[in-house]
Amino acid sequence: MPKGICLVSSVATAIATGAIGQEVTATYSLYGTPGLLEMPTAQSAPENALAATFSYTEGLGQVALTFQVNQRLSASFRYANVELFNDPPESGTEREVERGFDLRYRFNNETTYVPAIAVGLRDFLTPGRFQSEYVVASKSFGDNLIVTTGVGWGAMGTRDGFANPLGGDFEVRPAPDLPGGQLGSDQWFRGDAAIFGGVEYQINDRWGVKAEYSTIDYTETAFGVVRETESPVNYGLTYRPRPGVQLGLSYLYGTQLGVSGSFELNPNARATGSGLDKSPPPVKVRPADSLAAQSWDRTALPDRALRRALGGLLEIENITLTGLELTNTTARVRYINSSFRSEAQAAGRTARMMTQVMPPSIDTFILEPERRGIPISAITISRRDIEQLENRAGGTAAMLDRSGFGDAGGSQGLDAVASDENAFSWGLGPYFRINPFSNDGSVDVDLGLSLRGVYQIRPNLVLSGAIEQSVVPPEDDPTGVERTPDIQNVRSDGSLYGNDGVPVLANLTLNHFSRPGTNLYGRVSVGYLERMFGGVSGELLWKPVESSFGLGIEVNQVAQRDTDMGFGFDEYDYDVTTGHVSAYYDLGNGYHTQLDVGRYLAGDWGATVSVDREFDNGWVIGAYVTQTDMSYEDFGSGSYNKGVQVTIPQDFFTGTPTRGSYGNTFRTRVGDGGARLQVDGRLYDVVRGGHLPDLSDTWGRFWR
């Protein structure tokens, strides 16, 4: 038995959902994907499931995040801490951190006679030690047993392999270039192949057993991985103490034990059901004999009384009235939604409150949500529709069809409403940062406290800043990879910032937001914009309210701050003009794409492509890749930036209305190539929540 067996497992409360297209619920492998132990299966997790898996076997610890994009496509991102033999092996061992991306597509649903069949790529973006391709089939028998067999290439084709059945150019697999990090498509499905397989039996709802024949031969393909193997047959035991949580114990290679823990969350399965929002007030229906009224007595009911009454009612919903324009038949309301994640829900609450106080002659409501001091859209609603559709079947869709959406009006005729809130606000809380692969393959962690303050000079002119005190500072030895003298360390020196043990100025910024024209939005930010850079940032966005397309441009003139994070810029004496032209497109069904083309902080030119899946309940799961003209040698290991972004709204857990969220970006590395300025308040994220594509996605909350 090995000398060291380390238990690494993480259990979190999760939401259970049923299997799709199969009788036996999929379990997760040591690699974090639906599978046996090391080998994959053709099963799929529930659609939209997000699973985190932690596993350890001697010489290999892994952390994986897997997202079931739809019923058939899944994607994974994985960190692996690998123990390697030095060269020569007698000189001992060392640790190396690797990262990998997986993709898998299931072609069909299992039927009575036909198994489910899937094709997959493991570590497909970066040729590495475990890069593999496979085709796999799985067939369930009853509610408890599933049998799997498949053909693997790459690392999965190194034990008992045979000549590639594809023949021709596929017979030879090029040797991987481990330091390079370029897309390894020239290796896919090439070289020897091998047949793997296994069975899984679910004893009951909690316990299950697995057995597999692994075709990964570590003595041949893992390039020095410390792994003692005597048998290709692996065995495993799974335990699910509650739905969505899986613990695993494995006996591998006839020599050692392995442990794992997986937990699963699903955006479609909320812990608090549909939420714990307090019930909205009912729509106040006007008497039939008042519908023909053309005006009202302003002497008995002056405009200021209506503003005061409506402002008080909206305050109950944590919505701030900032402006009101009244005519005999129309009420235009401008407001700030500080509570509801969905602007559609805030619009519905605002319209309900307006029915409580507005004179009967007012038959048209114009709602203008405001963010960062600027109106972002105008939603025109008939009061008659509100009265008629509140409790009618199909009323939600009908309300959307009958409402109008367009650019917000100007300030002319709008009576501003002074806010009673203090212009200054502050908060104290913890912060947590991960800086992966900024140094010699390690992962820097920075944990501390942040004191943040905001002073609203005017609604669209805000001074904000933060002072941070690190409690667990990052390492202060950014050795990094070798670079040429011409490449500025714009991110690789990040661990030097804020590690002196004293409070530091994280940022201090004056932000001004504007509406320079129809469908146009502007932002200017001045000051210490982020931890490493300060200067001036300007942005202009063209985004019609009803369009799925937006176009923006950002230009920044910044200098690199001193590592003590004070007020100076002398230590590096480096300044740069950076910026991008950005195109945004809402593909529908919650899919958003963004293309940024321009110049990055190190002076390199290139582009970033990102794709996000946003759920109606506020979850966002996406991925991005950045490629620039910086050479692979200068960039270092990885050669281009790529990562996965996850954002979970706070109300998913609490059930109560809030605009807060938890988010993190899982990167392959934080290097100097493709590094972009971090600026708060980029315009597309500010305005799109009030535009028609986003409003349509969450319009189901209008009546909530």
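How many bridges join strand 22 to strand 23? Eight bridges join strand 22 (residues 461-472) to strand 23 (residues 504-517), and these strands run antiparallel. This is a predicted model, in which local features need pLDDT of at least 70, side-chain atom pairs count only at pLDDT 80 or more, and totals for chains, interfaces and linings use all residues. Residues are numbered from 1 along each chain as its sequence is written, and side-chain values use heavy atoms, with hydrogens and water left out.

**Overall make-up**

- The protein has nine helices and 32 strands; helices (H or I, at least four residues) and strands (E, at least two) are DSSP runs, numbered from the N terminus.
- Of its 704 residues, 53% count as buried, where buried means under 20% relative accessible area, exposed means over 50% and partly exposed lies in between (1.4 Å probe, protein chains only).
- Among contacts between residues at least 6 apart in sequence, 60% join residues at least 24 apart; a contact means heavy atoms within 4.5 Å.

- Two strands pair if DSSP finds at least two bridges between them.

**Strand 13 and its partners**

- Strand 13 (residues 319-326) is mostly covered, with seven of its eight residues buried.
- Seven bridges join strand 13 to strand 14 (residues 330-337), and the two run antiparallel.
- A hairpin of three residues links strand 13 to strand 14.
- Strand 13 pairs with strand 19 (residues 415-416) too, in the antiparallel sense over two bridges.
- G323 takes part in both pairings: G323 stands opposite R334 in strand 14, and its bridge partner in strand 19 is A416.

**Helices 2 and 3**

- Two packed helices are described by the angle between their axes and the distance between the axes.
- Helix 2 (residues 303-316) and helix 3 pack at an angle of about 140 degrees, with their axes 10 Å apart; axes are lines fitted to C-alpha atoms, for helices over the stretch in contact, and angles run from 0 to 180 degrees between N-to-C directions.
- That angle makes helix 2 oblique to helix 3, because angles under 35 degrees count as roughly parallel, over 145 as roughly antiparallel, 65 to 115 as roughly perpendicular and the rest as oblique.
- The contact is made by L306, A309, L310, L313 and L314 of helix 2 and by T350, M353, M354, Q356 and V357 of helix 3.

**Nonpolar cores**

- A nonpolar core is a set of buried Ala, Val, Leu, Ile, Met, Phe, Trp, Tyr and Cys residues joined through side-chain atoms within 4.5 Å.
- The largest has 47 residues, and those with the most contacts inside it are L310, M358, F365 and L367.
- Helix 3 (residues 343-357) gives the largest share of this core, seven residues.
- A second, separate core of 23 residues includes L65, Y79, F101 and F263.
- Leaving aside neighbours within four places in sequence, L367 is in contact with residues including V333, Y335, A347 and I381.

**T238**

- T238 is found in strand 10 (residues 233-239) and is buried, with a relative accessible area of 4%.
- Not counting residues up to four places away in sequence, T238 touches R206, W207, G208, K210, Q246, L247 and G248.
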